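Take the structure below and follow it from its rings to its cores and strands.

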Amino acid sequence: RRPATGTDVWQAGLNGRQELTGSATHVEGYQPFVLTSPAVPQFRESNVDLLSTVDPPLEKGGVIVDKSGAVRAFLASFVDGSGKSQSARFAGLPADILTDVVGALSAGRPPPDRTLGIAFRALPLSAARDRGLPANEADQLAKQGQSRRILVVSYVEPGTDAASKIQPGDLLLTVNGPPTSSWRTVDLAAQGESVHLGLWRQ
């Protein structure tokens, strides 16, 4: 289980002098990371929420552990932007993403790879309200304790079941009942036999 915002955690790894070090901090939240869109529009499974801490992450990577010593995220470098506007930053890749893959491979199964054929991008809730999203729907998402955002459909893969029902610009409200703005929730739901998405369309 991912540590919630405000949870006490510890960073352990290498600093800029290649020394093993550790420090106490706590989870600031989960921030969206989106790879730059390709020149030709196409569907890609590329969105992920990265764990950020209140204190700066270690300069050379490492792990984030909880009070029991369990690894909850792996610190790694991620590059934003493209061309001359690229910038790199360290953040925590949640461990559950990796353990799902490693667990399946260790058991001789292929890693989970079902997809809905829908690409999402994050949109601030304030911007969704400006589009006309009813206040009660925005309030339900805000109560989930996640970032004040909503997921908006940016691309639908032609030929999928979703293509006949979902359009770019649709706002995601719920996944199988509960409200959510988490890409991870969408990914996990996609591994099931069926998925019910609650959407709002202007």
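**Rings, cores and strands**

A search of the whole structure turns up zero aromatic pairs. A pair here means rings of Phe, Tyr and Trp (its six-membered ring) with centres within 6.5 Å; planes under 30 degrees apart count as stacked, over 60 as edge-to-face and the rest as tilted. This is a predicted model: local features need pLDDT of at least 70, side-chain atom pairs count only at pLDDT 80 or more, and totals for chains, interfaces and linings use all residues. Residues are numbered from 1 along each chain as its sequence is written, and side-chain values use heavy atoms, with hydrogens and water left out.

Arg149 lies over Trp183, at 5.3 Å from the ring centre. The criterion is NZ of Lys or CZ of Arg within 6 Å of the ring centre and within 35 degrees of the ring normal.

Now the helix H1. Helices (H or I, at least four residues) and strands (E, at least two) are DSSP runs, numbered from the N terminus. H1 covers residues 95-106, 12 residues in total. From first C-alpha to last, H1 reaches 16 Å, close to the 16 Å expected at 1.5 Å a residue. That expected span is 1.5 Å times one less than the number of residues. Just after H1, Gly108 takes a positive phi of about 80 degrees.

Which residues have the most contacts inside the largest nonpolar core? They are Ile118, Phe120, Ile166 and Leu172, in a core of 13 residues. Strands E7 (118-124), E8 (149-156) and E9 (171-175) and helix H4 (183-190) each give two or more residues to this core. A second, separate core of 11 residues includes Leu123, Leu125, Leu141 and Val152. A nonpolar core is a set of buried Ala, Val, Leu, Ile, Met, Phe, Trp, Tyr and Cys residues joined through side-chain atoms within 4.5 Å. Buried means under 20% relative accessible area, exposed over 50%, partly exposed in between (1.4 Å probe, protein chains only).

Strand E9 is largely enclosed by the rest of the structure, because five of its five residues are buried. Two bridges join E8 to E9, and the strands run antiparallel. Strands pair if DSSP finds at least two bridges between them. Val152 stands opposite Leu171 in E9. Four bridges join E9 to E10 (residues 197-200), again antiparallel. There, Leu172 has Leu199 as its bridge partner.

The loop between E9 and H4 holds Ser181. Ser181 is buried, with a relative accessible area of 1%. Its C-alpha is 8.1 Å from that of Ala122, 59 residues apart along the chain.
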